[in-house]
Structure formats: structure tokens, C-alpha cells
Amino acid sequence: MLFGAPGSGKGTTGKMLTKLTGWPHLATGDLLREQITRKTSLGLEMQSILAAGQLAPDDLVSRMVWDRLGWPDCEAGFLLDGFPRTIPQAEGLAQWFSGRNFRPVLIHLWVEYNEILRRLTGRRTCPTCGAIYHLESTPSKVPGVCDTDGAELTVRADDREEVVLQRLQTYQTQTWPVAETLRKNGILVEAIDCGEMDPESVADRIRWRLDRIGGSIAKKSKPE
Ligand code: ADP
């Protein structure tokens with residue numbers, strides 16, 4: 001589980017870790033935005049909630065996640081990004097893990113507040129392939145255009161400054177206590193101070209930590 005404030009790098013790091021591990025990258029924000037883009041009834045319902053920097057309802061997001069975790073590609077391991085984000089989601093996930101043969105780890109990506117603001121306000125994303133850029137630190141080769149597929153880059157609706165502040169507040173009040181809830185449920189919590197590190201180094205560090213903890217990354221733990 002990749003955990004941290006908006007802008008802490010969960011999305012970028014998750015994409016890199018997927019390449020390193022072969023595990024699918026399940027980002028609840030991406031799953032919700034996909035529904036919005038496809039204009040499904042769920043997407044239409046979620047559009048204003050996300051644009052206001054608030055959280056989608058627990059039962060809805062949780063159902064979406066349980067469903068996705070049942071796919072065969074999750075059997076050998078998976079990366080959750082943006083879930084769990086509330087205490088009820090965390091309790092539900094701890095229950096989901098109990099009785100299943102996984103060794104869950106929460107990776108807490110620590111980034112200082114001003115750096116988060118800088119990252120979110122300069123972020124640009126590709127609406128087609130989901131690639132993430134930053135105007136200063138990781139710009140696209142041609143300004144405003146995705147390096148991979150040439151699509152025009154966009155500012156996420158919730159990256160506008162007033163929404164960013166709301167998201168950070170939502171994070172403080174509803175998401176911050178999640179790490180403690182999981183720890184109390186016996187789930188390992190590892191913190192990484194990554195404010196000054198580039199995304200490759202963060203992904204390498206996580207992989208190194210997982211290797212150290214789990215013996216061999218990308219493998220389900222063996223039955224006792
Ligand atoms: P960030 O971590 O930068 O806020 P995400 O893409 O993870 O970006 O999430 C974007 C938005 O999607 C959140 O502000 C929230 O509205 C919604 N969302 C994502 N994950 C969840 C979740 N687990 N529970 C409720 N809402 C969620």
C-alpha cells in the first residue's frame with residue numbers, strides 16, 4: 001500500500017514499482033477518474049465530489065477495490081495507491097487480508113508541506129495514458145504535449161490551488177489516522193522520507209525495503 005499526502009508521489013512511484021515487480025498498480029483515484037471520463041452513472045455522481053477535493057463514499061470505493069483484488073493478476077501481489085484512505089476502509093482491508101496469504105506492508109511516503117504544494121500546482125497529466133509531468137522538475141520534451149502519445153497535457157480538476165488546500169485538509173483529518181489503524185491491526189508500516197529524492201530513487205528504496213522485509217519481492221509468501 002502506497003500511503004501519503006496528495007502530491008507525495010504515490011502515482012509516479014506506483015507506476016515505476018509496477019515495472020520493477022510485475023504487480024498491478026491499483027490507484028483508486030485513477031479508477032474513479034476513469035469512470036468520470038467514461039461518463040458512467042458512477043462517474044457522473046463522483047465528478048463534483050472529486051472536483052471539490054472530498055472523498056468518495058467508503059462503501060463505493062471499497063466495493064470497487066474488493067472487486068479488482070479478485071482478478072487473477074492480483075494473486076501474486078499488488079500495489080494499492082490511494083487506498084485505504086479512511087478508517088473504515090483500513091478496517092475493511094485489514095479484514096480482507098486476514099485469512100489470505102499475503103504479507104501486507106504500508107509504505108508511507110513523507111514529503112514536506114511546501115514541497116507538496118509546489119508539486120501539485122506544477123503537475124500536468126496525460127488524459128490518455130496517465131503519465132505524470134511537472135512543469136519544472138520533470139517537464140515533457142515538447143511543452144504541453146505527452147512524450148509517449150502526443151496528447152495535450154491537462155491540469156487535473158482537483159489540482160487547482162483552492163482544491164489542493166481542501167485535499168490536504170481532508171488528508172490530515174481522514175487519512176492521516178489510517179497508518180495507525182493498520183499498525184494496530186498488525187500490518188507493517190514503513191516510512192520513507194522522500195521529499196528530496198527523485199522518483200527512481202524512491203522506487204528503488206521501496207523495492208530494497210520490501211526485499212529486506214519479505215525475502216523476495218513479487219512473490220506471495222509461502223504457506224506456513
Ligand atoms: P491524490 O492522492 O493526489 O489526492 P488520487 O488520484 O489518489 O490523488 O485521488 C484523487 C481523488 O479521488 C481524491 O481527492 C478523492 O476524491 C478520490 N479518491 C481516491 N481514492 C479514494 C479513496 N480510497 N476513498 C475515497 N475517495 C478517494
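These legends describe close-up views of helix packing in a predicted model. Local features need pLDDT of at least 70, side-chain atom pairs count only at pLDDT 80 or more, and totals for chains, interfaces and linings use all residues. Residues are numbered from 1 along each chain as its sequence is written, and side-chain values use heavy atoms, with hydrogens and water left out.

**View 1. Helix 2 (residues 28-37) crosses helix 4 (residues 58-69) at roughly 100°.** Their axes, lines fitted to C-alpha atoms over the stretch in contact, come within 11 Å. Helix 2 is therefore roughly perpendicular to helix 4 (65 to 115 degrees). Thr28, Leu31 and Leu32 of helix 2 meet Leu60, Val61, Met64 and Val65 of helix 4 (heavy atoms within 4.5 Å). By class, these residues are 6 nonpolar, 1 polar and no charged.

**View 2. Helix 4 has buried residues.** Helix 4 has 12 residues. From first C-alpha to last it reaches 16 Å, close to the 16 Å expected at 1.5 Å a residue.

**View 3. Helix 1 (residues 10-21) crosses helix 9 (residues 199-214) at roughly 55°.** The two axes come within 9 Å. The crossing is right-handed. Helix 1 contributes Thr12, Thr13, Met16, Leu17 and Leu20 to the contact. Helix 9 contributes Pro199, Glu200, Val202, Ala203, Asp204, Ile206 and Arg207. This contact has 7 nonpolar, 2 polar and 3 charged residues.

Notes:
Axes fitted to C-alpha atoms, helices over the stretch in contact; angles between N-to-C directions. Helix = DSSP H or I, 4+ residues; strand = E, 2+ residues; numbered from the N terminus. Parallel < 35°, antiparallel > 145°, perpendicular 65-115°, else oblique. Nonpolar A, V, L, I, M, F, W, Y, C, P; charged D, E, K, R; others polar. Expected span 1.5 Å × (residues − 1). Buried < 20%, exposed > 50% of the residue type's maximum accessible area, 1.4 Å probe, protein only. Left-handed = near helix turned anticlockwise from the far one by under 90°.
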